Amino acid sequence: MGGPEMAPHTPPSASRSSRRLDRSGGPDGAGEREVSDGMAAEAPPSASRSSRGLDRSGSPGGSGDREVVVVTHLQVDMRDADLSGHERDTLVLTAEERRWGRRRVTTTGGRTLALALPTGTTLTPGEILHVGPDWYLIVEGAPEPVLAVTPTSGEEALRIAFEVGNRHFTLALDGERLLVPDDRAMDQLLTRLGVPFERAQAVFVPIGRGHRHDG
């Protein structure tokens, strides 16, 4: 008589893999990696998300996740002596861009910063934004399209300034010239006033702040 019947050897079920996929690393499976069964997947560090909310560039691919310098205030107390030996970097902005105090920017030297300045902050050319261990960042004005007027008298200058301000536009001084944005409404205004003007490219530093009302 034969011995007791032996149960056939059962191979491990193919449906129970000893490895599984961790999909926590990113959308579309881009972060998939295999981890041992029963081991918790390593969570991505929270620091990698710190700059994501400050990235206003809208660039695809998560490029805003890189660590960046966050600027929360201006370096108002810096003196030339404090910057001796520091590399000078610049942030070149138009007048409108200098009013955007919360966004991501790239300097002339290729450095990335996140501006988180107090609400209502308007940057001015010449202001120091950041001082690092061996470099500093200063604001510069970008030349932009303007309409330039050279008043023939103080009375004419006051009249132009009043009319421009009455339409909630900004005005800048450039030597003997008055500068206004190169805008169709300003073109029509100066034409109606009979004031000669020319189109030019210039750094526009407004006197005060305008609140344009379209329509």
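Strands here are DSSP runs of E of at least two residues, while helices are runs of H or I of at least four, and both are numbered from the N terminus. This is a predicted model, in which local features need pLDDT of at least 70, side-chain atom pairs count only at pLDDT 80 or more, and totals for chains, interfaces and linings use all residues. Residues are numbered from 1 along each chain as its sequence is written, and side-chain values use heavy atoms, with hydrogens and water left out.

The link between β3 and β6 consists of three bridges, and these two strands run parallel. Strands count as paired if DSSP finds at least two bridges between them. On the β5 side, β6 (residues 112-116) is joined by five bridges, this time in the antiparallel sense. Along that pairing, R103 stands opposite L115 in β6, and T106 stands opposite T112 in β6. β5 and β6 also form a hairpin, with five residues between them.

How enclosed is β6 by the rest of the structure? Four of its five residues are buried, so β6 is largely enclosed. Buried means under 20% relative accessible area, exposed means over 50%, and partly exposed lies in between, with a 1.4 Å probe and protein chains only.

A further open sheet has three strands in the order β4-β8-β7, again with mixed pairing. Here β4 (87-93) and β7 (128-131) stand at the edges, and each has a single partner strand, so one side of each is left without a neighbour in the sheet. The twist in this sheet averages 20° from one strand to the next. β4 pairs with β8 (residues 135-141) in the parallel sense, over seven bridges. Within this pairing, R88 stands opposite Y136 in β8.

How values were computed. Axes fitted to C-alpha atoms, helices over the stretch in contact; angles between N-to-C directions.
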